[in-house]
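Hello,

Here is the structure I promised to pass on. Please open it and keep it beside this note as you read.

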Amino acid sequence: MAKSLTLLTLGRSALLFLALLIFPVLLSSPAQAETPTKLYGVITNSEGEPLSDIGISILGPDGFSSQAATNEQGLWEVPILSKGSYSITINVDDLPEGQALTNPDKGTVKANVFMLGVDLRILFPIGPGVVQSSLLERSAQLTLDGILLGLVIALAALGLSLIFGTTGLTNFAHGEILTLAGLLTYYLSAIVGLPVLAAAPLAVLLGALISGFLQDKYLWKPLRRRGTGLIAMLVISIGLAIFLRYFFLFIFGGDTRQLPQYAGQAGIELGLLSFTPKSILTTVIGILLILGATLWLLRTRMGKASRAVADNPALASASGIDVQKVIRAVWILGATLASYAGVVVTINQGVSFLMGQDMLLLIFAAVTLGGLGTANGALVGSLIIGLFVQLSTLFIPTELKYVGALIVLILILIIRPQGILGKKERIG
Amino acid sequence: MDFLFITQQTLSATIGVNTIIFALAAIGLNMHFGYTGLLNFGQAGFLAIGAYSVAVPVISFGLPLWVAFLIGIFNSVIFALLLGVPTLRLRADYLAIVTIAAAEIVRQIARSATFNSTLGGSDGITGKFGADFFALNPFKSGIDTPILRFNANDLWVVITGWSLVAFIVFIMWVMVNSPWGRLMRAIREDEDAVRSLGKNVYLYKMQSLIIGGVIGTCGGFVYALSRQSVQPDNYGTALTFFAYTVLILGGAARVFSPVIGAMIFWFLIVFIEQVLRQGVSNNLIPDWLIGANQVSQIRFMLMGLGLMLLMIYRPQGIFGDRKELALDAKA
Amino acid sequence: MQRHSGSGSDFVEVTAQTPGSAKPDPILIADHITRTFGGLTAVNVAHLEIQRGSITALIGPNGAGKTTFFNLLTGYDSPNSGSWSFNEIALNGIPPHKVARLGMVRTFQLTKALYRLTVLENMALGARGQKGESLFTSLFPWLWRAQEKEITEKALSILTNFKLIEKKDDFAAALSGGQRKLLEMARALMVEPEMVMLDEPMAGVNPALKQSLLEHIKDLRNEGKTVLFVEHDMDMVREISDWVVVMSQGEVIAEGTPTSVMKNEQVIEAYLGAHHDVDLSAEGKK
């Protein structure tokens, strides 16, 4: 049985079949750390009811080998005698009809026993049996997911890129704009009690005010006045990011929390694809926001001025453009877009204090990929990163999907150092 | 409040294991950033490579510890080459983004279940991989005085660690005061100008990246050995940022600044933490304001705030007064 | 027409005053060099030769592609097509530091003094073949001290000549704009170049220092070095150059002695035609 599972995964990586989740739980008190020690677990079905007569086999150091089966309470246990690494395999053929491992790759779990006397609990999460969807279906769904992720990244990246373009600031605290908006949405809906449809726009407005207007007015503008260098400003943004992150943790705690409404929305099937109404709505609004921002850049006086400032601040200033005002507008626009990105993530996946930090690297990757400081580049880069992150899970383990995206970033920089749409700098 | 205890804890931390680790990380960054102007935001990756390189060969492959050190340095050089080849020809901000990404790649691979069997997954590796090192410990017992307290193993780590720091600082001092160091500082100022004088800037930047990275890796050795354990999440971007804080505290581009910076950093951290803890446990600070497990969060908030204020008001570091060494002298 | 003594300027007698004319003893030859940015052709030089031992000025209205051409010749940028050689060594794909080692050393329009290095350190950096610049040798000071002493002496003598000797221990950041230009030129001499390429050496230099800079440039020729410089100051061009090359819209439109070139219809037109540009970009230019 274990063999067929191995075959399933061979195509992915030579190491994969060895490696698996472990959930060691310390049970006995340290004072009585003595043998005997056991490996044990409780196997339940997707409803949480215990499953009996499920076979478990264990291989261990020095040729150790043992078999067990679950009892009426779903419990199995195997006493072990020596330290070392054990591999525990569930006999999936024993599972009743309609029940399967939630992750079919995890039929074998590896556990390291460092200390005797500490029992180890082994988990085999079981859910309703899922029919493996076809490669085409998975690709189509992942493409859709990738576009959605790309959109969220693009919303954040556009602001980051515009701010970089006009002020030269590489803002490491940009992710915290997302977190703030997400937390505000949570606060307004779960604590104040507003419906999400009211809380979300309010959170975006507050985000634009706090993260855009106030942040620039009271932090960055005075620093520009002082003539603070670019690297110093970058370090200041790191300090700000650390401060805000732990401030959010202090206030909000470390959990990921879901909004009271729309948390578990049922998906709508459409051909190969499945998506939730909330993801459609947030996506449509997101696309409209990006279109709006693009029109602002291309059509309005202020937008054109912002491109002039990005191109050459001294020249723009000399031709009568109020550079500080343009920068303020860019900050507000950037904060609005990023706040909305935070709201989208919160509605679709919930919010935690680390949300912004987790997104920041992808945002950086997108902006760098497209070419630092170019708005179109940020959009293209975001889409590529979003698609790549999702589609790469067809070939690499899901937990490594960000690694794949970051490696692609590095590879593209080798081939095209200025990014996909960036232009080379003039020297001299 | 038990002021004696606070003093003992604070002073022990000021010259303790963490100070050594951060001093080494920051000495490496000083080579990169202070002397060459390279914005390496992946220093945590170099430390992680050091830490895993002592743990994995000993635990998983049964190699002796000294071989593991060599493997660590080798891996560190390879990592620096991988980072440097694509990015050292690019603008400084590209290096920053690529290095921060690369360090995250290292951490995520290390903590992934995919490589659980060798790298230990998100739980990392715990085991007696430092046995060879602690076997050499001449101290049978630690010290416990009113102002300093170390157990026997920590005492051994602290003494060998500071010897390593002293040796590296000495080598750095010789190097930065040579024509090589002058060339590095010139690259920091303007690499195109240095190129126009016939110097192979790319090669020198690579040397800087490797040397600073290997010093960071030594910090990773100390990190892993002192705890006899490696936890992947200790090597996140926060570690790099705190190493920068240490560097800027002491004032970049001076040989001793990372050491001084690390001492001030840990002095402040442990002092604030101990005072807050005592305040909370003696009910001097009300529970609704700061809970017992929120002390470390306050500590991090103060760190972030401190880094901002330092950079705004004293970019040359606490003791720096030479305007020309201020980080923002160059716009 | 102003004439100079010495061999450097004799070639003007035998050289045709047409774009791309052949020189009797060219040190630098460029062929079909083009460089485009987006759809814009910044440089399109069909043929150009620079006479060894001469002072040649490269002039043209703003945006004519002079600095881009400089960047291409010195390896700071790569052309879309074309080839060029220095002392009969092809320079295609040669990186800037190797170009400098071959003996072609440049300065920059925006002075690149190394601000947080002292004037003397700036100078010492220019010296070639320093043992102490190798990673391993740097660890053993007794291996490089003697050479360092020689370098310092040479630097001090050049600084004396450039009247920067009092500033030797000051940081370059403390110098005036003109002094930085002088320092950059002095530093280039530490490399012992055969050809010096100066990008707007007079920009932002006060009149008192200007005269001294001019003398130094003439001295370079007297020492047998070749000078190619980009300049907007026509008085300076007229005073020191043996030969003038005029670029407009990326192309070489005229060549010849200063007096003849400045009478050239095409040149006048190029300048007047682009005149509204001149004022605008002089300020805001990077």
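Below is what was found, chain by chain and then across the contacts.

**Ground rules**

This is a predicted model: local features need pLDDT of at least 70, side-chain atom pairs count only at pLDDT 80 or more, and totals for chains, interfaces and linings use all residues. Residues are numbered from 1 along each chain as its sequence is written, while chains are lettered from A and ligands numbered from 1 in the order in which they are written.

Helices (H or I, at least four residues) and strands (E, at least two) are DSSP runs, numbered from the N terminus.

**Chain A**

Chain A has twelve helices and eleven strands. Of its 428 residues, 43% are buried. Buried means that 20 or more other C-beta atoms lie within 10 Å of the residue's own; exposed means 12 or fewer, and partly exposed is in between, with C-beta atoms placed from the backbone.

Next, the contacts. Two residues are in contact if their C-beta atoms, placed from the backbone, lie within 7 Å. Take the contacts in chain A between residues at least 6 apart in sequence: 74% of them join residues at least 24 apart.

Now some strands. Two strands pair if DSSP finds at least two bridges between them. Strand β2 (residues 55–59) of chain A runs antiparallel to β5 (residues 84–90) of chain A, with four bridges. There, A:S57 sits opposite A:T89. Six bridges join β5(A) to β7 (residues 108–113) of chain A, again antiparallel. A:S85 has A:N112 in β7(A) as its bridge partner.

**Chain B**

Start with helix α4 (residues 65–87) of chain B. Its 23 residues should span 33 Å at 1.5 Å a residue, and its end C-alpha atoms are 33 Å apart, which agrees. The expected span is 1.5 Å times one less than the number of residues. Buried residues in α4(B) include B:A68, B:G72, B:F79 and B:L83. What covers the buried residues of α4(B) includes α12 (401–415) of chain A, along with α3 (43–61), α5 (92–111) and α11 of chain B.

How do α2 (residues 17–36) and α12 (residues 237–250) of chain B cross? Their axes come within 8 Å and cross at roughly 75 degrees. Axes are lines fitted to C-alpha atoms, for helices over the stretch in contact, and angles run from 0 to 180 degrees between N-to-C directions. That makes α2(B) roughly perpendicular to α12(B). Under 35 degrees counts as roughly parallel, over 145 as roughly antiparallel, 65 to 115 as roughly perpendicular and the rest as oblique. Among the residues that make the contact are B:F22 and B:F33 of α2(B), and B:F242 and B:L247 of α12(B). By class, this contact has ten nonpolar, two polar and no charged residues. Ala, Val, Leu, Ile, Met, Phe, Trp, Tyr, Cys and Pro count as nonpolar; Asp, Glu, Lys and Arg count as charged; the others, Gly among them, count as polar.

B:L289 is exposed because it has 10 other C-beta atoms within 10 Å.

**Chain C**

One open sheet has six strands in the order β6-β7-β8-β3-β9-β10, with mixed pairing. Its edge strands are β6 (104–106) and β10 (251–256) of chain C, each pairing on one side only. Three bridges join β6(C) to β7 (residues 195–199) of chain C, and these two run parallel. C:M104 stands opposite C:M195 in β7(C).

A further open sheet has four strands in the order β2-β1-β4-β5 (chain C), with antiparallel pairing. β2 (40–51) and β5 (89–90) of chain C each have a single partner strand, so one side of each is left without a neighbour in the sheet.

**Between chains**

Chain A gives 46 residues to its contact with chain B, and chain B gives 45. On the chain A side, the largest share, 13 residues, comes from α5(A). That side has 37 nonpolar, seven polar and two charged residues.

The contact of chains B and C takes 24 residues from chain B and 30 from chain C. α9(B) gives the most to the chain B side, with seven residues. This side has ten nonpolar, five polar and nine charged residues.

Best wishes
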